[in-house]
Amino acid sequence: MAGTALRGRLTWQLAKVVAVTAETASVRTIAVDVPEWPGHQAGQHVDIRLTDEDGYMAERSYSIASAPGEPVALTVERIDDGEVSPYLTDELRAGDSLELRGPIGGYFVWEPEDAGPLLLLAGGSGIVPLRSILRHRERSGSSVPVRLLYSARTLDDVIYQGELDNRAARVEVVYTLTRHQPPGWSGYARRVDPAMLAEVAWPARMTPLAYVCGPTSFVEAASQALVRSGYQPGLVKTERFGGTGGS
Ligand SMILES: Cc1cc2nc3c(=O)[nH]c(=O)nc-3n(C[C@H](O)[C@H](O)[C@H](O)COP(=O)(O)OP(=O)(O)OC[C@H]3O[C@@H](n4cnc5c(N)ncnc54)[C@H](O)[C@@H]3O)c2cc1C
């Protein structure tokens, strides 16, 4: 049985694109129908493979944005000079097919039984697997306290803003806008740093469980700062999306 499930995850299959929704000017959520989907955990990802007419293949990973039990959705940010993401955000349409395998990953996942409180740190599109965790927490009825610190360049770059603000009663959401802030902005206006974490993060004595996701440099800086502030390294889970940062 386990062998069958594993084979399913590692096998490429054709998914059907059900809908493509604009989240921001450069970000799209792609809902897909995967015929042999074994189910997923909050925080896992899939691999996507594109093949051009000459047979050249490019493969990239994308986190699953939806909660376990929900239809699979991916949220992709266009990297302007990228090989794969501009196709996914600009060309892909409902009804198209997409080669995909997964779900993948057993470390950057959250289950309601996991201890808390929860600290979620997102840089840019790093919010994607954290959104799956937030939705899973809500759908499972978990009452574990959660704080989200989300670093974006501008308010227009905040992904799932309406959804996050709707959850505000049950999730403490703190934004930092690193490049441009709207008039009257009272939130943070710089990259995540130790002083910000000292104000926003749960105190280390509460033995929080932290998930840090985004561009590699963001993840390195934020996770190291948490550990230096006393967070247990084994309770700081990280997912690096690549790139040099900017969030
Ligand atoms: C486990 C995992 C999960 C991921 N989940 C998501 C997700 O949910 N949504 C999402 O949009 N991306 C996600 N990524 C990043 C994604 O896999 C690709 O790296 C990204 O879409 C860029 O691919 P590309 O082919 O367009 O660019 P490439 O052709 O690979 O790169 C073009 C240029 O952009 C730079 N670059 C590459 N990746 C990034 C980045 N993430 N940020 C900034 N610059 C970058 C490269 O250094 C290069 O200079 C994830 C990565 C991993 C490893």
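Tutor: Before we start, one working term: contact means heavy atoms within 4.5 Å. Bear in mind too that this is a predicted model.

Student: Happy to. Leaving aside its neighbours within four places in sequence, which residues is R240 in contact with?

Tutor: Start from where R240 sits, which is strand β11 (residues 236-240). Neighbours within four places in sequence are set aside. Under the 4.5 Å limit, the residues that remain in contact with R240 are G214, T216, V219 and E220.

Student: Which side chains make a polar contact with the side chain of R240, and at what distances?

Tutor: There are two to look at here. One is the side chain of T238, at 3.0 Å. The other is the side chain of E220, at 2.6 Å.

Student: Is R240 buried, partly exposed or exposed?

Tutor: Buried means under 20% relative accessible area and exposed means over 50%, with partly exposed in between. R240 has 40% relative accessibility, so it counts as partly exposed.

Student: How far apart in space are R240 and H45?

Tutor: Along the chain, R240 and H45 are 195 residues apart. In space, taken C-alpha to C-alpha, the separation of R240 and H45 is 12 Å.

Student: How are the buried residues of α6 arranged around its axis?

Tutor: The buried residues of α6 are F218, V219, A222, S223, A225 and L226. Seen down the axis of α6, they fall within an arc of 160°, so they line one face of the helix. For α6, then, the arc to remember is 160°.

Student: What do those buried residues pack against, and which glycine just after α6 takes a positive phi?

Tutor: The packing partners of the buried residues of α6 are β7, β8, α5, β10 and β11. Just after α6, the residue with a positive phi, of about 115°, is G230.

Student: Now to α3 (residues 127-139). How many of its residues are buried?

Tutor: Helix α3 has 13 residues and reaches 18 Å from its first C-alpha to its last. Of the 13 residues in α3, the number buried is eleven.

Student: Y160 and T207 each have a positive phi although neither is a glycine. Which is buried and which is partly exposed?

Tutor: Most residues other than glycine have a negative phi. Y160, with a phi of about 60°, is in the loop between β8 and α4, while T207, with a phi of about 40°, is in the loop between α5 (194-200) and β10. With a relative accessible area of 39%, T207 is partly exposed. At 4% relative accessibility, the buried one is Y160.

Student: Last one: which peptide bond is cis?

Tutor: Most peptide bonds are trans. Here, look at strand β6 (residues 97-104), where P103 lies. With omega near 5°, the cis bond is the one from G102 to P103.

How values were computed. Residues numbered from 1 in each chain as written. Predicted model: local features only at pLDDT ≥ 70, side-chain atom pairs only at ≥ 80, totals over all residues. Heavy atoms only, no water. Helix = DSSP H or I, 4+ residues; strand = E, 2+ residues; numbered from the N terminus. Expected span 1.5 Å × (residues − 1). Buried < 20%, exposed > 50% of the residue type's maximum accessible area, 1.4 Å probe, protein only. Polar contact = N/O pair within 3.5 Å; in protein donor to acceptor, adjacent residues only side chain to side chain. Arc of directions from axis to C-beta.
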